Amino acid sequence: MTAETGLHGFTFINASSARVPRDAATRKMIRRQAMLTTAAARRQKGNYGKVNLGQCPVFVSPQHDSKILPLDLEPDATEVLSKDTRTIDRKDSLQREGATRRTQRTSSLLPTNYTINLTPSKTGYESMILRYDFDILNLSALTGVHCGRTTASALIRKPSQLHDVLRCRQSSYLSFIPSRFGHTACLDDAARCIAIRARQRLLSPTSSPSTEVVAHYAKALTSLHTALDDANRRLEPDVLCAIELLAIYELLDGESNRGWIRHTAGATLLVKLRGPQGYKTDFEKALFIAHAGPTFTEALLQGKPCFLEEPSWQVVFRSATMDSSPFTDASSVTIALWMSVCQVPRLLAKVEAMICQPGDIDSLEQEQLTLRLLRVRDWISDWRRRYEILISKDNARSSSKAKTDKRYEALGVALGIRIVLNRLILAINMHRAADLENESQSLAHQVICLEQQARATNPRAGLFMAFKMIIARATIETKRDWEQSACPSATNNIPSRISKEAFTYWCRLKQKQASYHH
């Protein structure tokens, strides 16, 4: 048997005998030559290398003509399938029915009015699921407004909690990724990155990222940096989505929460750079809501004003409201709470500046700041009363544990912020010490009870109560300091404010507990 090379680089195999050659290299050359024509024909058909083409249905909404709906619809959302499908052949009908059943099994809380204009990648997203044996839509709970650095620390301490997270799917920007997959490199690479890491964490919760995972992460970072360096692309919603996805990767990293803090800071800068006018579509609003909680929490921990309190950003909050349920992250009652608490970081910064300044406090400035603190505190109290009425009404209709965990999270925010406001008022008005500190201690114990109640009902709820627990524990631990550490006025010797040392220790204690590293 001989091998000759033709003019155009093709290898020709000529058998000199009737026997089948046994040499492995020769047999491989024969198979390769035999497949040349077949491979060329496949490429001409346009579907070369594409698998499972029938598994990704196109859902068309009758209200929005050609707009494409996200793939993880609610079970009843499949009714929007066009009636014209009756005319297709039997094979296509079976494929569509199978895809519809898969859509129903992976349904989320996303309302059917969420639409997107991009044409879905019919093979890319499902191929990713098959390759990594994981659907990133199952990580939707990690995109909620209550997710933060304390969530990362909690997952580090108890990696098995990831299983609880996967059982609690919710409406989020992840619902749009199947339709956007295959259009932007940085988004695709970030999605693959968290898919492979999540799968590894499930198989081996305490293991460090494998070489393959690190390679995917490096590729995702490179794609993201390329997009950010391009002035024409950096403000695209897919770029912001990629950053938020990589923040999820850091939650799954299992070593520290430093990476999550860095990615969150970058996402916050990009959210602000896009401006309030950059959140018009449902996808953009979902990205905004998902990052609102971390933006507020980081501002509060750092003692810096939160830009989301500005009127133009408050308009974005209102536009993102969606009342499919009163207990979702985008419901009007939850949005109202976040709109109000976004001013608390600025108030904290003002009180800290007043406490740390030498000499007596300016009485007019003190009065104005106290009135503003009292107004926000009273509003939080009214919100809590309204919220508890909603809970009572819903309890009469249903006892769903899936809903209950979301109730605990929003209520925990209200209680935690009420504690912070009490401490801020007390810090510059020590004559109110007895009443305010007693209430703060009572609220702190309520937060602890709420966390225990939430954990018993749904472990996922306890995971996202971590930041509220930090406020509660720091308040209980500093009770004696705040009862005994008053700074008297230089003029009349009457205590007018908390001592700088006691106030600073309380603030630093919250930061220290929130910045726990494994």
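# Close-up views of a predicted model

**Figure 1. Lysine 350 and its contacts.** Setting aside residues up to four places away in sequence, lysine 350 touches Leu369 and Arg372. This is a predicted model, and this first stop is in helix α14, residues 344-356, where lysine 350 is found. Is lysine 350 buried, partly exposed or exposed? With a relative accessible area of 40%, lysine 350 is partly exposed. Look for lysine 304 as well: lysine 350 and lysine 304 are 46 residues apart in sequence, yet their C-alpha atoms are 9.4 Å apart in space.

**Figure 2. The whole protein, before zooming in again.** The protein has 21 helices and 4 strands. Of its 518 residues, 52% are buried. Now take the contacts in the protein with a separation of 6 or more: residues 24 or more positions apart account for 74% of them.

Figure 3. The pLDDT averages 76 across the protein, and 70% of the residues score at least 70. Which element has the lowest confidence, and which the highest? Strand β2, residues 11-14, is lowest with a mean of 43, while α12 is highest at 96. Over residues 1-18 the pLDDT is below 50, and this stretch has 24 contacts in the model beyond near neighbours in sequence. Residues 51-118 also stay under 50 in pLDDT, and there the model has 112 contacts beyond four places in sequence. A word of caution for views like this one: where pLDDT is low, the predicted coordinates should not be read in detail.

**Figure 4. Helices α12 and α13, side by side.** Here we have helix α12, residues 311-319, packing with helix α13, residues 332-341. Their axes are 10 Å apart and the packing angle is about 165 degrees. The two helices, α12 and α13, are therefore roughly antiparallel to each other. As for handedness, α12 passes α13 in a right-handed crossing. Which residues meet here? From α12 come Gln314, Phe317 and Arg318, and from α13 come Ile335, Trp338 and Met339. Sorted by class, the contact of α12 with α13 has 4 nonpolar residues, 1 polar and 1 charged.

**Figure 5. Helices α8 and α9, another pair.** Helix α8 covers residues 211-229 and helix α9 covers residues 237-251. Their axes come within 10 Å and cross at roughly 150 degrees. That angle is over 145, so α8 is roughly antiparallel to α9. The crossing of α8 past α9 is left-handed. On the α8 side, the contact is made by Val213, Tyr217, Ala220, Leu221, Leu224, Ala227 and Leu228. On the α9 side, Val239, Ala242, Ile243, Leu246, Tyr249 and Glu250 take part. By class, the contact of α8 with α9 has 12 nonpolar residues, no polar ones and 1 charged.

Figure 6. Isoleucine 194 lies in helix α7, residues 185-203. Is isoleucine 194 buried or exposed? Isoleucine 194 counts as buried because its relative accessibility is 0%. Leaving aside its neighbours within four places in sequence, isoleucine 194 is in contact with Ile136, Leu139, Leu245, Ile248, Tyr249 and Leu252. Take leucine 245 from that group: the C-alpha atoms of isoleucine 194 and leucine 245 are separated by 7.2 Å, though the two residues are 51 apart along the chain.

**Figure 7. The end of α3 and aspartate 133.** In helix α3, residues 124-132, the buried residues are Gly124, Tyr125, Glu126, Met128 and Tyr132. Just after α3 comes aspartate 133, with a positive phi of about 55 degrees. Aspartate 133 is found in the loop between α3 and α4, the latter covering 149-157. At 47% relative accessibility, aspartate 133 counts as partly exposed.

**Figure 8. Glycine 278 in its loop.** Where does glycine 278 lie? Glycine 278 lies in the loop between α10, residues 258-274, and α11, residues 282-302.

Key:
Residues numbered from 1 in each chain as written. Predicted model: local features only at pLDDT ≥ 70, side-chain atom pairs only at ≥ 80, totals over all residues. Heavy atoms only, no water. Axes fitted to C-alpha atoms, helices over the stretch in contact; angles between N-to-C directions. Parallel < 35°, antiparallel > 145°, perpendicular 65-115°, else oblique. Left-handed = near helix turned anticlockwise from the far one by under 90°. Contact = heavy atoms within 4.5 Å. Nonpolar A, V, L, I, M, F, W, Y, C, P; charged D, E, K, R; others polar. Buried < 20%, exposed > 50% of the residue type's maximum accessible area, 1.4 Å probe, protein only. pLDDT = per-residue confidence, 0-100.
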